[in-house]
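Welcome! Try each task before you read its solution.

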Amino acid sequence: MTERYDVIITGAGVVGCAVARELSKYDLKVLVLEKEEDVCSGTSKANSAIVHAGYDAIPGTLKAKMNVRGAELIRRLSKTLDFSYSQCGSFVLCFDENDIPKLKELYDRGIKNGVEGLSIISGDEARALEPALSDKVAAALWAKTAGIVCPFGMTVAFAENAAANGVEFTFLTKAEDIKRDGGGFVLVTDKGEFYTKYVVNAAGVYSDKLHNVVCKDEIKVIPRRGEYVLLDKEAGGLVSRTIFQLPTKYGKGVLVSPTVHGNLLIGPSAVDIDDRGDTETTADGTAGVKAQAALSVPDIPYNKTITGFAGIRAHEVHEDFIIGETADGFFDAAGIESPGLTAAPAIGEYLAKLIADKSGASLKDGFISERKGIPQVAKLPVNERAELIKQNPLYGNIICRCENISEGEIVDAIRRKPGAVSLDGIKRRVRQGMGRCQAGFCTPAATAILARELGIPVEQVTKNRPGSEQIKESL
Amino acid sequence: MKKYELTCIQCPIGCALTVTVDGDNVTVDGNTCPRGRVYGINEVTHPSRTVTSTVYIEGGALPRLSVKTKTDIPKDKIFDVMAEIKKKKTKAPVNSGDVIIENVCGTGVDVIATKTVKEK
Amino acid sequence: MKHYDIVIIGGGPAGLAAAVSAHEAGAKDILILERDERLGGILNQCIHNGFGLHTFKEELTGPEYAERYIKKVLEYGIPYKLKSIVADISDKREILYISAEEGAVTIEAGAIVLAMGCRERPRGALGIPGYRPAGIFTAGTAQRLMNIEGYLVGKKVFILGSGDIGLIMARRMTLEGAEVKCVAELMPYSGGLNRNIVQCLNDFNIPLKLSHTVTKIHGKERVTGITISKVDENRRPIPGTEEYYDCDTLLLSCGLLPENELSKSAGVALDRVTGGPVVDDKLQTSVPGIFACGNVLHVHDLVDYVSEEAERAGYQAYRYAAGETANGGETVKLTVGHGVRYTVPQSIDAGTMADSVIVRFRVADVYRDRSIAVYYDGKLIKRTKKRIMAPGEMEQISVRKDSFAEKTPDTITVCVED
């Protein structure tokens, strides 16, 4: 049997989920198809988590438009959809008086792009605001509207809100081919065929694959790996703004930034690679990131490192986002590299509008515009926390001692739709295992809870996709 | 004549012992104290170990009961003893010190519980 | 707000011994807060033998050792709360704990004993390059999964780090049918006890490779193998020395870190080297009325020393809560010289010290036929010859009150000399 949909979105990353959420406002039958076991499993889970102010992109490009609009939407959506966001501001540093014109160029671009709150400050002014900065900082572009966001939180919020409004999700389903069929498409997957009138290609680093089957003009995604180092919350206060350096041809360079959860993030490197799934960290990559970051902030306490990771950006050779109806009924959100996370809600809004117009779909009644996140129990005032535990004692059973995450929150993460089905899925939703012991203490308990909730033996509990089972056998 | 190279474990010094067995005659070199000599001779003539493991416990507050051989058993019997321990299933409640397997593998040594596990 | 004379945070070996000794000293109003489902702490999963030779003059397994103290706690009727995790401690000794049963409760303590233990250094902190697949465990996590929950985490195992937990797990997994390929140690010497190298590795022909480290983890979903490299004297991998091992599991036994997040919330000053609180001879931290003992104070090799130290902390907490302690006002600072990494305690109050104070420390390297020297204000007081000293084995000296008879020194320095 072939399932029939109005719209199928390939990819449940932040862009796919943002599109799904916007489309869920309309009378359309929508499916999100994802090859991994969960949402937010590719580029969306391993990036700088920055809400860019919008001064980087060349005025008039899609990157510029989507960035500025996206930043504005994130500010609003973080409240209505309840995900962590902080408008901490950012600096772009230059280390040579002769480079100040380049800062000015960024400033001018920002003004053209409609970015507010920009100013160029001296090295001394920058150091007064961020004492950890290097003595060599000559000047900085200060963007007060830049921010940081929880990329997992935002993606999950979009997905949950989309699901609440009727969008379906199917995981571990990989689109292998696409064929025209009458007025629509047949998506051929490893789990069977799906019929749809419209396709949204939000497949991240794989977004050129479907595009090139359907569209005449070929695109080419070059996987670009970025390595990061994440430090303990003890080091989180080292800087209070995102610290960039003047961009290079490989991107915005290495940043030093607080995260919304209070950690310190350093990275990324930028290496073009062949394998789109090659997220390994390397000794050279890590060393390079540290050397580069030292120019901005010389004394980073790397003995507080809790993990390193790498993500792949979908760099498209034409340098701009590819967004829009690139073939009849085929809508691209391809080549979404930085500032893709920032742009995601704007891309969602834009594509949903195009599809609604084309299909003639109308806004549906009863759209649920708000979504409440899983309670962050440890952050509640003591009396509210006590009250919540009284209502549901599982919120008083602390599983992850580093991040203070309760069994109740973990159970919520699993039971929500789409819910966590893996240890990483729980981690991304409620931060269990994301702290300084990196799941050393809480792995046994989290594994047991996941097995219980999913009704599977612990030997089948995975870290992420199938094949990542943690336990080999019962004694 | 056979020579064995051992590390003495009687104290942190960890002397490198050479134990020579010539018929009934066993000599130890490299030790710096009498305890090392005794250790060397025992390790070569009848080495022994305590085996510790867990067994399945039905209806217990814990899924596994920790156990040990009450005293040392011959070293070459370690895996035989483990095979017996693996086969064993027991029922809660169990008190620390309770005999779980009598005379395991004919060694004359019992396997005993090292934990008190109450009923669930 | 409910008041307790003494609140002990942690029901592991340190917390139990502290509670027992406080009770025996006369304390009536004690509470132990334990985050796990049972008392005993890490000893519950340390099912191997070798505990208690100093304390009980016999060789016990971890659970048996713990049970000796648990029995006393029950016999004395010392109250304890399980599955109750402390979320915050203030410098006024107010404690917020969380439990499913009681919710979020704030109590007040006359004295606090910190006994939260330590955690293991994870892969991320070690910065091992490669993928982040399933199958990477700290040795203690694998030990818990095996000995408490009853799961074997892997069949082909490589172990990085020759700490005792790693060695113990090499044997344990071998006994349960796993193939332990090798143990690699970054340092040129093992961090574990000789006894464990002999009985956990040599007995099963498991090779120990010193001056080696893991330089790559292979496998996207589950570990499929690891690459190790030899390291130079600066612990940097030497190119060209790579060796590949086919395995499905990597266990890490690469150091323990005292877990002092709560101490910090109370404003307790920490020692950069131990990672634990700075304490005086009463094991009192920089915050009056807050004491520390066990692995939260500094990482121990032997539980017997944990118990002994915790008994002192429990006793001192009792005295503090009973108003029996006064500041003697004569602080002697303990400092370290060549070859010594730290001392615990870091100071002695000469006015109120006991007749003899045990000072524990660790050396920085393996030393053969050297001496431990003790100086009072630069003047050599004592030199003790040692056949061998190693970073993996804690050393101790005792400082006698009567040694201050002539003049109380400002500083005592402990160092290693030829």
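Before starting, one definition: two strands pair if DSSP finds at least two bridges between them. Please also keep in mind that this is a predicted model.

**Exercise 1.** Find the order of the strands in the open sheet of chain C, and work out which strands stand at the edges.

*Solution.* Begin with the order: the three strands run β22-β24-β27 (chain C), with antiparallel pairing. Next, look at partners: β22 (340-344) and β27 (395-400) of chain C each have a single partner strand, so one side of each is left without a neighbour in the sheet. These two are therefore the edge strands.

**Exercise 2.** How many bridges join β24 of chain C to β27(C)?

*Solution.* Strand β24 covers residues 356-363 of chain C, and six bridges link this strand to β27(C). To see a bridge pair, go to S356(C), whose partner in β27(C) is R400(C).

**Exercise 3.** Describe how domain 1 and domain 3 of chain C meet.

*Solution.* First locate them: domain 1 spans 1-119 + 256-325, while domain 3 spans 328-418. Their centres, taken over C-alpha atoms, are 26 Å apart. Each of the two domains gives 14 residues to the contact. On the domain 1 side, six of these residues are nonpolar, four polar and four charged.

**Exercise 4.** Which element supplies the largest share of the side of chain C that touches chain B?

*Solution.* The contact takes 21 residues from each of these chains. On the chain C side, α2 (62-76), α4 (139-149), α6 (194-201) and β26 (379-389) each supply at least two residues. The largest share, four residues, belongs to α6(C).

Key
Residues numbered from 1 in each chain as written. Chains lettered and ligands numbered in written order. Predicted model: local features only at pLDDT ≥ 70, side-chain atom pairs only at ≥ 80, totals over all residues. Domains from an automatic or database assignment. Contact = placed C-beta atoms within 7 Å. Nonpolar A, V, L, I, M, F, W, Y, C, P; charged D, E, K, R; others polar.
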